[in-house]
Amino acid sequence: MAESMYRTILKRQPGNVDALRLLGNVLRRTGRAEEAVGLLEKAVRIKGNVADNQMELGSAAAAAGRMDVAVAALQKAIELKPALADAYGRLAHLFLSSFDAAGACRVLEDGLTHCQGDIRLHKAAGDAWLTRGVAEKALEHYRQVLAIQPQAGAPAHADLGSALRVLGRLDEAIEQYDTALSTQRGLPNALAGKAEILESLGRTEDALALIEPAVRTGQQVHPDCALTFARLAKRSKRYEDGLRVIERVTKSPSIPIPYRSMASMAMGELLEAAGDCDRAFESYTEGNRLYQTRFEETGYVRMIDVLLETFSQEAVGDLARSGSTSERPLFILGMPRSGTSLVEQILSSHPDVFGAGELTEIPNLAMGMPDRVAQQGTQDAPVDEFPMGVVQLHADSVARLTSQHLEYLDTMNQADRYVTDKLPNNYLYLGLIWMLFPQARVIHCTRHPVETCFSCFATRLSPVHGYANNLLHTAVAYRQYRRVMGHWKQVLPDLQILDVPYEQVVDDPEHWTRALLEFCDLPWDDACLKFYESKRVTRTASIDQVRQPIYRSSVKRSDKFGHHLDDLRAALADFT
């Protein structure tokens, strides 16, 4: 009825801005975002100085996947009306969906200077900082939610629990989860978070007892609870129970596609553990089909071409480098699923190493380099985007970028000698890392090519790894990765790199633990061999591996999948 009314108005008054905006809102909410964008762009052309018009355009453009238009419109809305809290929230969501948690944090902190006391922005800021890996800042914002609104309820206490869990303050986290569950007994993220802690403490049966009532047959199951139960069921070898629960998620059309994709991957893991590899492969394939991301081989290869041309043998001698002697950032990288989590868990069990997990700060620094340099005021002219812009950087700009990164590490930990960053695809940014941190140590994790690529395919990776949904695309990415690493070793001979072969770590963990500690100039500590006893929270796909002694089931895993991987083996034949 509303749509018909607005269309009638527009027939009589084609330039009625209010009708254009309201009809655009209806179209966006009913899944016709592209049509909505057309109407809203017209409204903005007629009256672009109205914040509500710009915000509605930003929302519609985001729904249509036109991120540049969305960001520009929301930024304009904020410029026109700095106290428009919703615009900050929507803009931050766009940054998070593009895996720019740093950008989201900047937007939300700016929003809170104009919208003081807005609990929605505090909640969003807490989520963004937690995503960025800075749990202390997340904790501050979650506490502000309760300080402003003490009756915020169970979800606010569950958020506090999540931040405390990441900080390793497990007793306090359980207290917050219990507070949440005392008023909202079935709150999914509180149940899942507490179960995660119990499992990390070796109390798998207690974790199952907590989560199992939430997944009983005959009641609606929340996907967070189902996924947690499936992982625990696999750990306890209750494969059939796990499959019964997770299948309810995969077969429910009302559950959002991302959850159904994750459930299909979890089903694959259960079936594989139960020995049914044919059905497991079907489940992995379905999970990837549901979670299609864009990957264009020609464009990807060209991106690598540009990277290597920028950091050519001839060019690197002219690049500015910082004078920093800091060894604090310890980079653990390689293809995803190559053993980075295992290596980090071994090292972070040492008292002089803080395991920070997968930090996106280096890619964010690279992608946001023009803006960051402009904000510094260290150069007269703007710089180009990465990688070409590195050629234009002055030494003082590089030094400031280095200082900013060290300050960021200090927000997570100030006491330990090393802070690890195990973001696998930092291998793409080793040239930049070499410029920022001349003394940095780099641990390069390697693994058999077929095992690496299949494991990427059989794991729900972030959309940054767009190749992972297709086995042959993983082979393309692997080939380029090998090309990049070979290039760095050739043109950056003074970069300290230790190659760590996953299969050899599994065969002789003590030898490789000693090699890792020696490379990092750290004294021996027995705790590193008992890394699985660490209470550190792990938030990657390798969570099971780092919570038990080293096992061999992931070595030659691909053999179990026989003919399903013949094309992948052929594509990687020259590496095997």
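Helices (H or I, at least four residues) and strands (E, at least two) are DSSP runs, numbered from the N terminus. The model shown in these views is predicted, so that local features need pLDDT of at least 70 and side-chain atom pairs count only at pLDDT 80 or more, while totals for chains, interfaces and linings use all residues. Residues are numbered from 1 along each chain as its sequence is written, and side-chain values use heavy atoms, with hydrogens and water left out.

**View A. Helices α4 and α5 pack at an angle of about 160 degrees.** Helix α4 covers residues 51-63 and helix α5 covers residues 67-80, and their axes are 7 Å apart. Axes are lines fitted to C-alpha atoms, for helices over the stretch in contact, and angles run from 0 to 180 degrees between N-to-C directions. The angle makes α4 roughly antiparallel to α5 (under 35 degrees is roughly parallel, over 145 roughly antiparallel, 65 to 115 roughly perpendicular, and the rest oblique). The crossing of α4 past α5 is left-handed, meaning that the near helix is turned anticlockwise from the far one by less than a right angle; clockwise would be right-handed. On the α4 side, the contact (heavy atoms within 4.5 Å) is made by Ala51, Gln54, Met55, Leu57, Gly58, Ala61 and Ala62. On the α5 side, Met67, Val69, Ala70, Ala73, Leu74, Lys76, Ala77 and Leu80 take part. By class, the residues of this contact are 12 nonpolar, 2 polar and 1 charged (Ala, Val, Leu, Ile, Met, Phe, Trp, Tyr, Cys and Pro count as nonpolar, Asp, Glu, Lys and Arg as charged, and the others, Gly among them, as polar).

**View B. Helix α6 meets helix α7 at roughly 170 degrees.** The axes of α6 (residues 85-97) and α7 come within 7 Å, and the crossing angle makes the two helices roughly antiparallel. From α6, the residues Tyr88, Gly89, Leu91, Ala92, Phe95 and Leu96 take part. They meet Ala101, Gly103, Ala104, Val107, Leu108, Asp110, Gly111 and His114 of α7. The contact of α6 with α7 holds 9 nonpolar, 4 polar and 1 charged residues.

**View C. Helix α7 also packs against helix α8.** Helix α7 (residues 101-114) and helix α8 (residues 119-132) have axes that come within 9 Å and cross at roughly 155 degrees. The pair is therefore roughly antiparallel, and α7 passes α8 in a left-handed crossing. Helix α7 contributes Ala101, Ala102, Ala104, Cys105, Leu108, Glu109, Gly111 and Leu112 to the contact. Helix α8 contributes Leu121, His122, Ala124, Ala125, Ala128, Trp129, Thr131 and Arg132. These residues divide into 11 nonpolar, 3 polar and 2 charged.

**View D. Glycine 126 lies in helix α8.** Its relative accessibility is 0%, so glycine 126 counts as buried (under 20% relative accessible area is buried, over 50% exposed, and in between partly exposed, with a 1.4 Å probe and protein chains only). Leaving aside neighbours within four places in sequence, glycine 126 is in contact with Ala138, His141 and Tyr142.

**View E. Proline 424 sits in the loop between β3 (418-421) and α24 (430-436).** Proline 424 has 5% relative accessibility and therefore counts as buried. Not counting residues up to four places away in sequence, proline 424 touches Leu333, Gly334, Met335, Pro336, Thr340 and Glu358. Histidine 444 is 20 residues from proline 424 in sequence, with a C-alpha to C-alpha distance of 9.0 Å.

View F. Most residues other than glycine have a negative phi, and most peptide bonds are trans. The peptide bond from phenylalanine 386 to proline 387 is cis, with omega near 5 degrees; proline 387 is found in the loop between α22 (369-376) and α23 (395-412). Arginine 337, in the loop between β1 (329-333) and α20 (340-348), has a positive phi of about 70 degrees. Aspartate 521 has a positive phi near 55 degrees and belongs to the loop between α28 (509-519) and α29 (566-571).

**View G. The model contains 0 disulfides.** A disulfide is counted as a pair of cysteine sulfur atoms within 2.5 Å. The sulfur of cysteine 445 is 11 Å from the closest cysteine sulfur, that of cysteine 520, which is too far for a bond. Cysteine 528 is likewise in no disulfide, and its nearest cysteine sulfur, in cysteine 520, is 9.7 Å away. Cysteine 445 counts as buried at 1% relative accessibility, and cysteine 528 counts as buried at 0%.
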